[in-house]
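Please consider the following points alongside the sequence and the coordinates.

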There are 2 protein chains.
Amino acid sequence: MRNFKLTLQYEGARYQGWQRQESTDNTIQGKLELLLSKMCGQKIEIQGSGRTDAGVHAMAQIANFHADTDKTTEEILDYMNQYLPEDIVVCAVEEVPERFHSRLNAKGKVYRYQIINSKIPSVFDRRYAYQIEEKLDIEAMRRAADYLEGTHDFQSFTSAKKGKKSTIRTIESIQIEEQGEKLVLTYTGNGFLYHMVRILTGTLIEVGLDKRKPEDMAAILDAKDRKEAGCLVPAKGLTLMQVQYEGENKCKKR
Amino acid sequence: MRNFKLTLQYEGARYQGWQRQESTDNTIQGKLELLLSKMCGQKIEIQGSGRTDAGVHAMAQIANFHADTDKTTEEILDYMNQYLPEDIVVCAVEEVPERFHSRLNAKGKVYRYQIINSKIPSVFDRRYAYQIEEKLDIEAMRRAADYLEGTHDFQSFTSAKKGKKSTIRTIESIQIEEQGEKLVLTYTGNGFLYHMVRILTGTLIEVGLDKRKPEDMAAILDAKDRKEAGCLVPAKGLTLMQVQYEGENKCKKR
């Protein structure tokens, strides 16, 4: 069996998210598996680097699948882009060693959350950004973000119920960049819990609106209680930008 | 009667273009006039800086209308954005002197045409760019663009029939910029004929594909014959970026 790594771009709006569902499937994973199974004449299962929720976009989601096929990577790429709907695109297909696993081998991820901070909506960003009319205090948001960087228990910042799995994660950086009336938040970390980026963003927005103080972040982290953090912001502002692998180049067969 | 200047953003995909039509109206101008007439309780006519064709977008189209209303510019802006569909946005409303005319006073325009020069489609640019799979020779396109800059009779580069109206225009500059796999052509000039930017772009693409030579541009201009120029590229790649007015600040009432 050969192992193929896919780099995928998609617009989340029309889908129920990444993860295949049992019935009435309208998921990214489901669409890809259906197409690949048809192409290979065998049932194909795809492993994504992680799930993206309904409405969340991806600039470069990574997935892999094992298949018995004679097709070249270029033939797979062409076939997939020919039959996929225009809101899902395969950017690259690479053959990787048997052991490569898109989720287990992922060392880090980069997510972007876009805010239009203006009373005027944006026609061209409306599908990819969340509008906040009131002026945000960006310096306060940056000071709050400083508290969230580093290794913490992010139980307060996930919609997932408390369970056995660790909720400790490391956020390498939270960059907050002004691009005209657009505010771009870039989160880089070793992994993110269910809804984590959207709750972090919701909490930072509340700081920007002076509903919370930057220094409140420490207490929110300590509480380990979802109720202490801010609101969940809409999915459409969120995009998975990059999945990072260690020694990535070594995985490629030349 | 007060005179109001509007700065408008719109995505052209769902519309038959700017200009109001007699029947089955689905135009930008038609939508705006309907809404303003309702707001003012009187028939309002809007004058645009120029028509944009079906499918063409605008980042900052300028229009003006005269109305008998007590509303402030801010009230007009809020009212319009409340009722307009999400693919049309009013970015600004200003009160201007009686004599201001968005078309007659326009001194120049800036248009952008976006090309995705890649075998891989782009999910996020698919509505605003035209995909060309074969690698374009950008240096050749730039040399060809040099021939087109300046004051010329652009009869060869318009779909409009030969008539009494002058087809002489001045193109101040054609910038061709690479942004990753996106090629952005920016046209600045004192005015553009019907389909002119899309035919110029189609011709430059043919140079980029080595179907024509840069130095052929001189003969195409001289021919004053539409058949000599290149193909009309799709509307979706085109965006009206800016309309320029002389002494613009003087028009604003403070």
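1. Strand β5 of chain A (residues 106–117) is mostly covered, with eleven of its twelve residues buried. Buried means under 20% relative accessible area, exposed over 50% and partly exposed in between (1.4 Å probe, protein chains only). Helices (H or I, at least four residues) and strands (E, at least two) are DSSP runs, numbered from the N terminus.

2. This is a predicted model, in which local features need pLDDT of at least 70 and side-chain atom pairs count only at pLDDT 80 or more, whereas totals for chains, interfaces and linings use all residues. Residues are numbered from 1 along each chain as its sequence is written, chains are lettered from A and ligands numbered from 1 in the order written, and side-chain values use heavy atoms, without hydrogens or water.

3. β5(A) runs antiparallel to strand β10 (residues 238–245) of chain A, joined by seven bridges; here V110(A) faces Q242(A). Two strands pair if DSSP finds at least two bridges between them.

4. β5(A) also pairs with strand β9 (residues 182–189) of chain A, antiparallel over eight bridges, and Y113(A) has L185(A) as its bridge partner. With strand β6 (residues 130–132) of chain A the pairing is parallel, over three bridges, and I115(A) stands opposite Y130(A).

5. In chain B, E33(B) belongs to helix α1 (residues 28–40). E33(B) counts as buried because its relative accessibility is 7%. A polar atom of the E33(B) side chain lies 2.8 Å from the backbone nitrogen of I46(B). Beyond neighbours within four places in sequence, E33(B) is in contact (heavy atoms within 4.5 Å) with R20(B), I44(B), E45(B) and I46(B).

Key:
Polar contact = N/O pair within 3.5 Å; in protein donor to acceptor, adjacent residues only side chain to side chain.
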